[in-house]
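Have a look at the sequence and the model first, and then we'll walk through a few features.

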Amino acid sequence: MNYRPTIVSFLCNWCAYTGADLAGTSRLHYAPNIRIIRVMCSGRIEPTFVLKAFQQGADGVLICGCHPGDCHYHEGNYKCLRRFKLIQKYTSQMGIEKERLQLEWISASEGQQFAELVNNMTKTLLLLGPVKIKQSLEVQHLKQ
Amino acid sequence: MEEPRIGVYVCWCGTNISKMVDVEKVADEVSKLTHVVIAKNYKYMCSDPGQELIIKDIHGHKLNRVVVAACSPRIHELTFRNAVEKAGINPYLFEMANIREQDSWVHTDRVEATSKALDLIVAAIRRVKYHEPLQKRSVTVDPATLVIGGGISGMAAALEIANAGKKVFLIEKTNQLGGQVAKLDLTFPHLSSAQQLIQPFIQGTENHPNIEVFLNTEIRDVTGYIGNFKSTVQMAENENIELKFGNIIAAVGLKPFDPSKIEEYGYGRFPDVITSLEFEEMLSKGNILTKYGKEPRNIAIIHCVGSRNKKYHPYCSRTCCMAALKYVHEIRACLPSANIFEIYADMRAYGKGHEEFYALTTHKQIIFLMYDQQEALPVIRHANKNDNCNMIIEMNEKLSGESIEVPVDMVILMVNMEAHDNVKEVVRAIGVSLCGNQFFIEKHPKLDPVATTTGGVFIVGTCQGPKDIPDSVAQARAAAARILATIAQGSVAVEVTTACVNENLCCGCQTCVRVCPYGAISYNPEKRVSEVNEVLCKGCGTCGSACPTGAISSKHFTDKQILAEIEGIMSMSFKGA
């Protein structure tokens with residue numbers, strides 16, 4: 001079967017989601033592999049959401065929030081950044097390559113950057129191939 | 001929970017969605033899903049007949065949940081929430097799938113776009129099943145208004161509100177009211193005096209019993225929410241005053257671009273290369289003279305200085321072409337025999353009476369020369385001794401295709417208008433966003449151009465984008481009308497998607513208390529649980545994701561709802577791929 005990478009994306013309402021909307025109103029074209037979920041703030045994003053997406057078969061998870069200093073709720077993006085580092089550590093221990101979980105800052109005016117980001121991540125995932133959580137867990141199990 | 005009975009509506013948005021998404025197929029597919037009672041597609045869901053369709057079905061099919069797949073929820077979520085509420089359903093039992101901005105407009109493969117639309121709609125269907133009815137909350141509105149910026153827009157808004165008998169605090173960062181208009185001589189296209197326009201405004205504002213003016217004052221931090229904002233303003237003599245107000249109008253304006261960045265024009269090197277605002281000052285004094293006190297025989301006016309140029313600012317400043325034509329009239333009146341050169345890139349005369357004004361200018365014996373922004377800017381150099389002029393402008397004249405030299409004694413640079421240096425501090429203080437050109441972003445570019453996505457915060461005048469005096473004043477009065485309407489009602493509906501604590505699950509660790517940026521959560525030592533002050537909570541959800549026991553949830557963004565959305569996204573086209 002043809003490998004079609006899937007990206008589940010969590011965008012904050014104020015900057016990133018608005019930026020993604022701007023990509024639309026500017027008619028910028030990007031890869032159709034992404035599905036966007038809106039949250040009010042990137043600080044709302046829980047490890048569970050990321051794990052759920054991978055569990056359901058996502059090949060990549062993209063989190064976008066406001067640029068540092070620009071958070072609509074002052075500092076939610078900083079909290080997201082800290083949480084992100086931890087989740088990434090955890091998911092990489094599960095055998096999920098770091099590139100499959102990305103955090104980027106997208107402002108409400110960065111439609112172009114958002115489109116490029118989606119294209120780049122899709123390309124990265126094409127190179128990585130489908131997510132291999134199970135396989136790596138099996139290997140770990142055998143080692144033990 | 002009652003059995004979900006969901007109605008799904010897929011919008012064509014004319015051809016905006018339907019040309020890239022097979023709307024009929026999508027509606028047909030989702031109609032087969034559990035709990036979907038009815039699925040339809042329609043040309044314009046946001047139109048009255050579109051909304052009627054939903055309302056009729058809610059009654060006819062006893063729907064208790066609704067999904068609309070259309071544009072971004074940022075555009076029409078409220079429209080549809082109101083529609084379902086009209087039919088007697090709680091407005092929060094509704095969900096939108098964004099299949100225009102984030103699907104049909106950004107993809108070029110109809111099959112891919114269609115399957116994406118399907119995924120997004122299924123996600124919305126799964127999510128809406130877990131939606132809970134939320135009760136609308138309203139807060140009282142403090143009848144005072146804070147206006148930031150004492151230019152013509154800020155004063156027009158302040159006077160409109162003050163004349164209706166309501167209090168206005170107007171803060172201005174400089175030491176005088178009037179803004180950019182106070183620096184002008186005449187206005188286009190009627191060549192009437194700018195001072196005669198602005199002085200009555202300034203006096204009216206200063207003397208109005210309902211307006212309190214704070215000069216030399218900048219906005220620092222604003223706390224609170226629509227209807228009940230608070231801010232401490234620091235005045236020049238280090239005195240702090242706390243102000244309370246229900247609404248905010250940002251009218252901070254723009255500032256002139258510094259042309260010394262453009263090497264070609266030699267601003268700063270040539271004393272007689274001046275900016276349009278410096279020329280206005282000269283006109284106000286009544287004499288057009290070079291730095292050596294001589295009357296210039298040749299005057300060039302260069303358009304688009306810093307405008308419509310990728311290197312500086314990509315946008316058009318909108319007022320400079322007409323101001324440049326205005327100078328022709330003013331120079332002619334003063335120096336009947338001077339040679340006047342309008343060196344332009346494109347002539348923009350879009351406004352009421354502007355094209356007529358342009359036509360009138362062409363009878364004033366002037367020379368229009370066109371340059372190509374993309375190719376090369378005109379270059380100013382010193383003239384030679386026997387040239388009989390101070391400077392020479394070398395340029396490629398676009399219409400004739402020839403390289404020419406223009407003799408000049410004075411050059412007026414029509415400078416772009418750009419954002420103030422501290423604009424980021426202002427937007428942060430009042431909680432709004434900037435676009436790429438550093439203009440304040442309005443709630444809706446067409447239907448709601450003076451409001452912002454932050455309740456109770458309005459934007460007027462040039463900070464929203466370059467505009468002339470009539471447009472600025474129109475916006476100012478429009479924002480004032482919006483604010484007076486909420487003051488008249490006395491209360492305003494506020495966001496109800498706040499955090500709430502399940503006291504049975506709360507272990508009292510107070511993690512939420514520490515992460516809340518608004519101090520909206522406090523610990524109740526008697527009950528040993530956290531409590532949310534719903535008035536202070538802005539619903540960011542940070543507490544929910546930090547809570548170790550899952551006791552705090554963000555209403556309308558609960559774990560269940562978001563996890564269901566993730567499952568929905570992955571359940572159709574991606575399944576097994």
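## The interface

Buried area is the accessible area (1.4 Å probe) that two parts lose on being put together, summed over both. Between chain A and chain B that comes to about 4600 Å², with carbon and sulfur atoms giving 58% of it. A trio stands out here: A:Arg4, A:Arg35 and A:Arg44 supply 16% of what chain A buries against chain B, more than any other three residues. Counting contact as heavy atoms within 4.5 Å, 51 residues of chain A and 53 residues of chain B take part.

## Where the numbers come from

This is a predicted model, so to speak: local features need pLDDT of at least 70 and side-chain atom pairs pLDDT 80 or more, while totals for chains, interfaces and linings use all residues. Residues are numbered from 1 along each chain as written, chains are lettered from A and ligands numbered from 1 in written order, and side-chain values use heavy atoms, leaving out hydrogens and water.

## Charges across the gap

Seven salt bridges (a Lys or Arg side-chain nitrogen within 4 Å of an Asp or Glu carboxyl oxygen) turn up across the interface of chain A and chain B. One of them joins A:Arg4 to B:Glu112, at 3.4 Å from N to O.
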